[in-house]
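User: I am new to this structure. Please take me through the terms and what they rest on.
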Amino acid sequence: MKVTLLKHTADAEKLAGVAAFTSCSPEGSTELMETKTKEQCDKFLKRVLNYGHHSVIEHASFTFSVEDISRACTHQIVRHRIASYTQQSQRYVKFKELGFVIPPTIKNNEEASKIYLESMEQASKAYEKLIESGIKPEDARYVYPNASHTNIMITMNARALLHFFSLRCCTRAQWEVRQVAELMLIEAKKIAPQLFEKAGASCVHLEYCPEGSLGCGRYPSLKQLKEGAIKDANRN
Ligand SMILES: Cc1cc2nc3c(=O)[nH]c(=O)nc-3n(C[C@H](O)[C@H](O)[C@H](O)COP(=O)(O)OP(=O)(O)OC[C@H]3O[C@@H](n4cnc5c(N)ncnc54)[C@H](O)[C@@H]3O)c2cc1C
């Protein structure tokens, strides 16, 4: 798996700050961009975000290249609708060999690895034979598995990214999409540390787990928090 931040909005944090000032200043954004310092923007942005006015960070956008992940994983990623995607086509690309992801649970199990690799080889051979017999890649690809390697370009704005991270950095997300999300977060944080200061699984900013009994135990569930609060109130 390879995750690269290809492009991002220049001065992403300042731009979001200027957007915040635009809503409550007599000056326009052009003047605010020139007159407001990064420090002023950071301070005001923090305040506005604490009010829950998150639309201002939609002006900051980030484009990633995610390579050699499985089709199972991209299927999960593209469920996030507030984003733009371009994915390698299995219709137009004729594959010389099947590249595939091996889940760690299978890699670490000798018997499972054997079954898995045999199945990949079979799929690969079937694809080759279909292509040799004149079938187009767009139809031959039907024998390819969910594990097939693919490449995808993803553009999300900062608000959509925060939402993506809240769901996909959570231990409830599958290991592969979680790895993608964690690598994307590392890259985004390098560019905009303030925007992504509290980014991560929902519990990181909520300080409780919204997954209830399905949670990993890192944070108490809302129910546990409330029960704790009631007990404390009764004690006092
Ligand atoms: C752990 C986990 C397990 C999952 N399991 C399943 C599963 O078993 N089956 C399955 O089908 N999916 C599953 N999903 C996918 C999930 O249901 C969402 O489709 C996916 O996480 C995208 O989330 P989203 O819709 O909030 O994001 P986005 O599509 O990026 O949307 C962001 C936000 O915009 C708003 N929005 C977007 N579109 C609309 C709309 N049409 N109407 C109203 N508001 C909108 C919502 O507030 C939404 O939260 C799973 C996801 C996770 C993280």
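Analyst: Domain bounds here come from an automatic or database domain assignment. That assignment gives domain 1 (1–90 + 149–200), domain 2 (96–147) and domain 3 (202–236). The centres of domain 1 and domain 2, taken over C-alpha atoms, are 34 Å apart. This is a predicted model: local features need pLDDT of at least 70, side-chain atom pairs count only at pLDDT 80 or more, and totals for chains, interfaces and linings use all residues. Residues are numbered from 1 along each chain as its sequence is written.

User: What makes 38–50 helix H3?
Analyst: Helices are DSSP runs (H or I, at least four residues), numbered from the N terminus. H3 has 13 residues.

User: How do you know what span is expected of H3?
Analyst: The expected span is 1.5 Å times one less than the number of residues. For H3 that gives 18 Å, and the helix reaches 18 Å from its first C-alpha to its last.

User: Which residues of H3 are called buried, and what makes them so?
Analyst: A buried residue has 20 or more other C-beta atoms within 10 Å of its own; an exposed one has 12 or fewer, and partly exposed lies in between, with C-beta atoms placed from the backbone. Cys-41, Leu-45 and Val-48 are the buried residues of H3. They cover an arc (directions from the helix axis to the C-beta atoms) of only 65 degrees, so they sit on the same side of H3.

User: Which exposed residues does the face turned away carry?
Analyst: That face of H3 carries Glu-39, Arg-47 and Asn-50.

Conventions
Helices (H or I, at least four residues) and strands (E, at least two) are DSSP runs, numbered from the N terminus.
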